[in-house]
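Reader: I would like a close look at the aromatic rings of this protein, and at how they pair with one another and with charged side chains.

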Amino acid sequence: MNKNYYAILMAGGVGSRFWPVSTQDFPKQFHDMLGTGDTLIQKTFNRLANLIPKENIFILTNERYNDLVFEQLPEVTKRQVVLEPAMRNTAPCILYAALKIQKENEDAVMIVAPSDHWIEDEAAFTDNVQQAFDFCTKNDALMTLGIQPTFPNTGYGYIEYNSSSNDDIKAVNQFREKPDYETAKEFIAQGNFLWNAGIFMWSVSSVVNAYKKNQPNLYQLFEKGIEVYNTDFEDDFIRDNYGKAENISVDYAIMEFSKNVFVLPATFDWNDLGTWGSLYDKLDKDENNNAVVNSRTLTEDASGNMIRTKGDKIVVVDGLQDYIIVDKDEVLLIFPKTKEQDIKKVLQKVKDKFGEYYG
């Protein structure tokens, strides 16, 4: 394996739309959401390790999940776990990790990968990342993997690329916000739009220079700590300074302002596993089109449901269509799939009525 290959595995999110399974204390990336025997973070780590030396895979997460990381990834060392003392979106933490990696290896090329995506064809994923790494090694480029849209999804951002080139890797014209349905249909009809999966590749020098140019204040904040990065004094510096960082995504911070942005249309199937409905789409279904995880079910006049329990619980469902049915400890959720985006709001109502313990 190439010692210059690195990864930042993003594992700090809460995943509140997967409540009640995903909570602030135990978010979705640490759960076996698909019923495969591996948690999402374990699957992502193993996928990255097909190309990247395991010791070069850095786990970027909130400090409250430190113990969970070591429990689920016992092979990683303290050096590889990069802890955020405060939640500040993706731009600050990626810069922080990039500076740590640059101090260790100036020749590094790296991928930033969310910990909670579903990718079935891992060989195709590895091939796409290798192609991007080869490009980033030879060029000053900020790269992303774009997903071929299969329908006019309004829940994803889009990447518009220059269609005049016949090369696999395309220059990016612009990033587009999550569109309304009619706009999404127009994007797909044009043929040069991809879903933004939030998977990025670049050389460490290219990404640090992009921050220096486009986010000078953020760069200066973290640049002050270079002397102590990868030493025993790093934690103190980060604890004192991290909270001063602007709350901003890497898309807004550098990708949208940079002129050297490229996209590779991915050749693998992808799902961001952002909601119970997206999980339902990727699971096998029973004879009544119900997706079942962990449960033993008896269904009558029930179809299109997402059913998940702990252990091997027996679940009897009669007369429900297209519902989310999730049983976890003290919480039972029975909720229409068509309203799944409202689960965040429901969680807040539950907290208000019953207390923080339930979310």
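Author: What follows goes through the ring pairs and then the charges over rings. The model is predicted, so that local features need pLDDT of at least 70 and side-chain atom pairs count only at pLDDT 80 or more, while totals for chains, interfaces and linings use all residues. Residues are numbered from 1 along each chain as its sequence is written, and side-chain values use heavy atoms, with hydrogens and water left out.

The structure holds 18 aromatic pairs, a pair being two rings of Phe, Tyr or Trp (its six-membered ring) with centres within 6.5 Å, called stacked if the planes are under 30 degrees apart, edge-to-face if over 60 and tilted for the rest. One of them joins Tyr156 and Trp195 edge-to-face, at 4.9 Å centre to centre and with 65 degrees between the planes. Because Tyr156 lies in the loop between strand S6 (142-147) and strand S7 (158-161), and Trp195 in strand S9 (residues 193-203), this pair ties together parts that are 39 residues apart in sequence; strands here are DSSP runs of E, at least two residues long, numbered from the N terminus. Tyr156 is buried at a relative accessible area of 12%, and Trp195 is buried at 4%, where buried means under 20% relative accessible area (1.4 Å probe, protein chains only).

Phe200 and Trp202 form a stacked pair, 5.5 Å centre to centre with 5 degrees between the planes, and both residues are buried. Elsewhere, ring pairs link Tyr96, Phe222, Tyr229, Phe237 and Tyr242 into a cluster.

As for charges, the charged end of Arg47 sits over the ring of Phe125, 5.8 Å from its centre, and Lys285 lies over the face of Tyr280 at 4.6 Å from the ring centre; this requires NZ of Lys or CZ of Arg within 6 Å of the ring centre and within 35 degrees of the ring normal.

Notes
Helix = DSSP H or I, 4+ residues; strand = E, 2+ residues; numbered from the N terminus. Buried < 20%, exposed > 50% of the residue type's maximum accessible area, 1.4 Å probe, protein only.
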